[in-house]
Amino acid sequence: MKSATPKVLHPLLGRSLLGHVLVAAGAAEAEQTVVVVGHQADQVREHLAEVAPAAVPVLQAVQNGTGHAVRIALDAVPEAAGTVVVLNGDVPLLRAETVARLIGEHESASRAATVLAAAVDDPAGLGRIVRDAGGGLARIVEERDASAEERAIREINAGIYVFDVSSLREALGKLSTDNDQGEEYLTDVFGLLVEVGSPVGVFVAPDADETLGVNDRAQLAELRALLRDRVNTAWMRSGVSILDPATAWIDVTVSLEPDAVIDQNTQLRGTSSVASGAVIGPDTTLIDTSVGEGATVLRAHAVGAEIGAQASVGPFSYLRPGTRLGRKSKIGGFVEAKNSELGEGAKVPHLSYVGDATIGARANVGAGTIVANYDGVRKSRTTIGEAAFVGSDTVLIAPVEVGPGAYVAAGSTIASDVPPGSLGVARAQQQRNVEGWTAKRRPGTPSAEAAERASAGDGEVSEAE
């Protein structure tokens, strides 16, 4: 990956690669999950503690092959009996349903081992499934050790297996490193089991895309697009309208209700949720944000916000963590809000910053208003009461309260509370007009010429001019 981040921790629509595999592993309902870690093990352990704290990390200090990795994993759980499932940490498209079917077929057939296979158009670089004359599994061969005839086989080993534990332990003890890489191949276990007459089998994946792995960022991008299409198709079939599926990127951790509408160039990430009838986008990103029924979010960016039913946001607005919008409230164009609450029907329509504020129901905040919440040392809160009106180009210096039904005159700087029903006016000075200023200070300019015509009673500018 050429990255400081371990490959299995690279993100893919809401989970790491490893996180996706662990979800698929959940289908096994295992008594114990063991994760073999090696390269950048500390980072992987830390991630595991967050996403799967019950999983046991086991260090493979020297990467001596897949057989060696499985052996040290089993050594960590000596009491393990029955069935063991082996998954690769870089195969994120594997479905839990496929894992469940793989286990079911293995156990119903009472096999010693079953391999997940896939039929692909281009098997280059992948291990091949070699069948016997009766169509059964003869062995699995790595491409570098395969003959020319074997390399022509299109049925590949997905690197996902189910074993009987006792059979696996016995076969692992017989593995050698007599191969091109000088490693213990887990795939050699199948040949060893066949030699002693133990039943082995192949389960072919219903969708070959599920078996795709990641070895570089180009492949990661390919899988991201495949997963996007899978996620979007599932949502559309459940009643969600996605107007341009190619440009809608929805994390697997997002929840949507039927009749939600997702417009083009929209990203829904993390724990975001969208209720029925809400319209999101175009050109919108929601991260860990909930959107209520019938709300509209247009060309906006929201992180950790709650947008109430029938509320409207945007265009070009930024909702930061802790912002909560009540029913039918409005955050308009070029508005930034942080850790603030808007009551039902409250409006901040234009060009404003609202930080650490509580705005009552039906209150209106005029264009260009700044809620100055930070004095350089601490942040304080501002309260605007129910049905209050704040005029345009106002600065509210926190902590301050504008009472219910109060008005604030446009252009005011408010540093003291405005009582309920009062008008707050705070301007630096009264307006004065200096007559003739343009003619004296800007002579010869278009402004001076226009002023001169206006003074002469000819204030209109002709089309020719």
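Start by selecting Asn-215: at 52% relative accessibility, this residue counts as exposed. Bear in mind that the model is predicted.

**Stop 1: Asn-215**

Asn-215 sits in the loop between strand E10 (200-204) and helix H8 (217-237). Show its surroundings, setting aside residues within four places in sequence. The contacts of Asn-215 are then Met-1, Lys-7 and Asp-90.

**Stop 2: Asp-90**

Select Asp-90 next. UniProt lists Asp-90 and Asn-215 for "binding site", in an unreviewed entry. The two are spread over 126 residues of sequence, yet they cluster in space, with a largest C-alpha distance of 8.1 Å.

Look for Asp-90 in the loop between strand E5 (83-86) and helix H4 (96-108). Is Asp-90 buried or exposed? Asp-90 counts as buried, because its relative accessibility is 15% and the cut-off for buried is under 20%.

Now display what Asp-90 touches, again not counting residues up to four places away in sequence. The set is Lys-7, Val-8, Val-21, Leu-212, Gly-213, Val-214 and Asn-215. Lys-7 deserves a label here: its side chain makes a polar contact of 2.8 Å with that of Asp-90.

**Stop 3: Asn-373**

Move along the chain to another annotated set. The unreviewed UniProt entry places "binding site" at Ala-367, Asn-373, Tyr-374, Ser-392, Ala-410 and Arg-427. Select Asn-373 from this set.

Asn-373 lies in the loop between strand E33 (370-372) and strand E34 (382-384). With a relative accessible area of 6%, Asn-373 is buried. Which residues are in contact with Asn-373, leaving aside neighbours within four places in sequence? They are Lys-338, Tyr-353, Gly-355, Asp-356, Arg-378, Lys-379, Ser-380 and Ala-398. Pick out Asp-356: a polar contact of 2.6 Å links its side chain to that of Asn-373.

**Stop 4: Ala-410**

Finish at Ala-410, in the loop between strand E38 (407-408) and strand E39 (413-414). Ala-410 is partly exposed, because its relative accessible area is 37% and that class runs between 20% and 50%.

Ala-410 is then in contact with Gly-391, Ser-392, Thr-394 and Arg-427. Colour Ser-392 and Arg-427 by annotation: UniProt includes both in the "binding site" positions, along with Ala-410.

Definitions and conventions. Residues numbered from 1 in each chain as written. Predicted model: local features only at pLDDT ≥ 70, side-chain atom pairs only at ≥ 80, totals over all residues. Heavy atoms only, no water. UniProt positions renumbered as here; feature names shortened; annotations may be inferred. Helix = DSSP H or I, 4+ residues; strand = E, 2+ residues; numbered from the N terminus. Buried < 20%, exposed > 50% of the residue type's maximum accessible area, 1.4 Å probe, protein only. Contact = heavy atoms within 4.5 Å. Polar contact = N/O pair within 3.5 Å; in protein donor to acceptor, adjacent residues only side chain to side chain.
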